[in-house]
Amino acid sequence: MRRLSLCLVAAVGALVIVPAALADGQPLLVTQGGTGVASHVPPRLHYVAISDRAGGTLLETLDVAHGGVFGWARLHGSWGIPAIGTGYSTGQGLSRDGRTLILGSVGSPYVSPSKFLVVDTRRLKAVRTISLDGMFTFDALSPHGSRLYLIQYASVRDLSHYIVRAYDLRAHRLIPGKIADLSEDEKTMAGSAVTRTTSANGRWVYTLYQKPSGEPFVHALDTVGARAYCIDLPENHALYNVVLSLRNGGRTLAVHWRSGRPWLNVAVGSWRISFPGSAFPWAWVGAGIGGGLAILAAAGAALLLRRRRRQEVEQHAGQELGLA
């Protein structure tokens, strides 16, 4: 057991990226090794999938900070942790309550049927295999693991166009229809995922996409209400260097450079875009207007006083000449 623990901990240092296929030049992935996916509830464990020599998968729970192995299970088949974005950002597939883990099949997901493995993390046991006719990849999971969101591709020849589907993990069925922004009439979405962030309670998932034409947009997915919103962003040719984060208690979605320099903010709910630091200095304008008004008022008073004095002089002169 000690030898196994050392081997598993050592495996954390080696990340194996398993490209499923190329979508618009960007690989959609599952990962084996590395730091896996981290839980958000105590104890802060990492779930890591590692290929074994027999062609199966070892799933371990690790305490990366202390180098401890808390448990492991051998799974039949080759499975990996879902990854989203060009930066291979992991942290996907685990419900916010830490009880449900979704693994993706290693290999091409664009061959029907698509398969996913549902793992009960409390028992570290695979409880169900999901097999769907068609081409699907992992997208998101609701906070309590009751609903799985999937990307469904219409054609293997055009992997940049797709729709978002919902799968009911309690009823074990794919829910009819698509999850889409009701304000848009597009039949499918188009784009490649760049990076994402998730709200503290796990309900909202925000993903930055780049369309085939190059324009970026944010896909805001409500994993509880099964709603989605698309927010178009200004053109940016360096999206690979852009990340997302939530601020102001989750009320502001900050889109900024990896260095921390801001680009723009999106107000959650109204989805309005603002640019930090570019607001017009109305306080200065107000002060300037106030100062200008004061100057105008003083000039007007001086002019009025001069006119009165002139009238007094003219009146006095008229009296002397008998003109008054």
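I started at His256, which sits in strand S21, residues 252-257. I kept in mind that this model is predicted.

I checked burial next. His256 has 10% relative accessibility, so I logged it as buried. I then looked at what surrounds it. Beyond its neighbours within four places in sequence, His256 contacts Asn241, Val242, Val243, Leu244, Ser245, Arg247, Arg261, Pro262 and Trp263. I took one C-alpha distance: His256 to Val243 is 5.7 Å, with the two 13 residues apart along the chain. I also found a polar contact of 3.0 Å between the side chains of His256 and Ser245.

I zoomed out to the whole chain. I noted 2 helices and 23 strands. Of the 324 residues, 45% are buried.

I turned to salt bridges and noted a count of 7. I looked up Arg74 and Asp52, whose side chains pair at 3.2 Å, N to O. Arg74 lies in strand S6, and Asp52 lies in the loop between strands S4 and S5, 22 residues apart. Arg74 is exposed at 52% relative accessibility, whereas Asp52 is buried at 14%.

I went on to Asp222 and Arg203. Their closest N and O atoms are 2.7 Å apart, in a salt bridge. Asp222 is in strand S18 and Arg203 is in the loop between strands S16 and S17, so the pair ties together parts 19 residues apart in sequence. Asp222 is buried at 0% relative accessibility. Arg203 is partly exposed at 27%.

Within it, I noted Arg123 to Asp120 at 3.1 Å, N to O.

Methods. Residues numbered from 1 in each chain as written. Predicted model: local features only at pLDDT ≥ 70, side-chain atom pairs only at ≥ 80, totals over all residues. Heavy atoms only, no water. Helix = DSSP H or I, 4+ residues; strand = E, 2+ residues; numbered from the N terminus. Buried < 20%, exposed > 50% of the residue type's maximum accessible area, 1.4 Å probe, protein only. Contact = heavy atoms within 4.5 Å. Polar contact = N/O pair within 3.5 Å; in protein donor to acceptor, adjacent residues only side chain to side chain. Salt bridge = Lys/Arg side-chain N within 4 Å of Asp/Glu carboxyl O.
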